[in-house]
Amino acid sequence: MSLKIEDVKRVAHLARIAVTEAEAEEVLGKLTGIFGLIEEMRRVDTTGIAPMSHAADVTLELREDKVTETDRHVLYQSAAPATADGLYLVPKVIE
């Protein structure tokens with residue numbers, strides 16, 4: 001893909017970014033380099049290679065699913081101003 005200085009200025013205008021001529025030239029050089037790298041990567045033959053979700057093929061160790069803490073909701077609710085049937089009661093705020 002070939003970019004021109006007018007393309008950079010147009011994108012800057014659309015993004016409401018003020019750029020000087022020197023800044024536009026610098027951005028054009030950087031974007032041209034990025035697009036060149038993308039084109040280079042597109043030329044690589046990837047047939048027969050399965051896509052990966054991560055650069056390193058890793059798996060996480062799973063732990064046993066078991067309860068490690070005791071139920072302390074009664075203790076937590078003892079400091080509340082009002083509770084009923086295990087729920088906190090709060091004042092009505094929407095009419």
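The model is predicted; local features need pLDDT of at least 70, side-chain atom pairs count only at pLDDT 80 or more, and totals for chains, interfaces and linings use all residues. Residues are numbered from 1 along each chain as its sequence is written, and side-chain values use heavy atoms, with hydrogens and water left out.

**Overall form**

The protein has three helices and two strands. From the N terminus, their order is α-α-α-β-β. The radius of gyration is 30 Å, well over the 12 Å that the globule rule gives for 95 residues, so the protein is more spread out than a compact globule. This radius is taken over C-alpha atoms, and the rule is 2.2 Å times the number of residues to the power 0.38. Along the principal axes, the C-alpha atoms fill a box of roughly 70 × 50 × 25 Å. Helices here are DSSP runs of H or I with at least four residues, and strands are runs of E with at least two, numbered from the N terminus.

**Surface and charge**

Of the 95 residues, 8% are buried. Buried means under 20% relative accessible area, exposed means over 50%, and partly exposed lies in between (1.4 Å probe, protein chains only). The accessible surface comes to about 9400 Å². Carbon and sulfur atoms hold 59% of that surface. The protein carries 11 positive and 17 negative side chains. The centres of these two sets lie 5 Å apart. Lys and Arg count as positive, Asp and Glu as negative; His and the chain ends are not counted.

**The core**

Which residues form the largest nonpolar core? They are Leu3, Ile5, Val8, Ala24 and Leu28. Helix 1 (5-14) and helix 2 (21-42) each give two or more residues to this core. Such a core is a set of buried Ala, Val, Leu, Ile, Met, Phe, Trp, Tyr and Cys residues joined through side-chain atoms within 4.5 Å. Leu28 touches Leu3, Lys4, Ile5 and Val8, leaving out residues up to four places away in sequence.

**Glutamine 77**

Gln77 sits in helix 3 (residues 73-77). Its relative accessibility is 11%, so Gln77 counts as buried. Beyond its neighbours within four places in sequence, Gln77 contacts Thr83, Gly86, Leu87 and Tyr88. Contact means heavy atoms within 4.5 Å. Gln77 and Leu87 are ten residues apart along the chain, and their C-alpha atoms are separated by 8.3 Å.

**Two positive phi angles**

Most residues other than glycine have a negative phi. Arg16 has a positive phi and is not a glycine. Asp85 also has a positive phi and is not a glycine.

How values were computed:
Accessible areas come from the Shrake-Rupley method with a 1.4 Å probe; for residues, only the protein chains shown count as cover. The place of a charge is taken as NZ of Lys, CZ of Arg, CG of Asp or CD of Glu.
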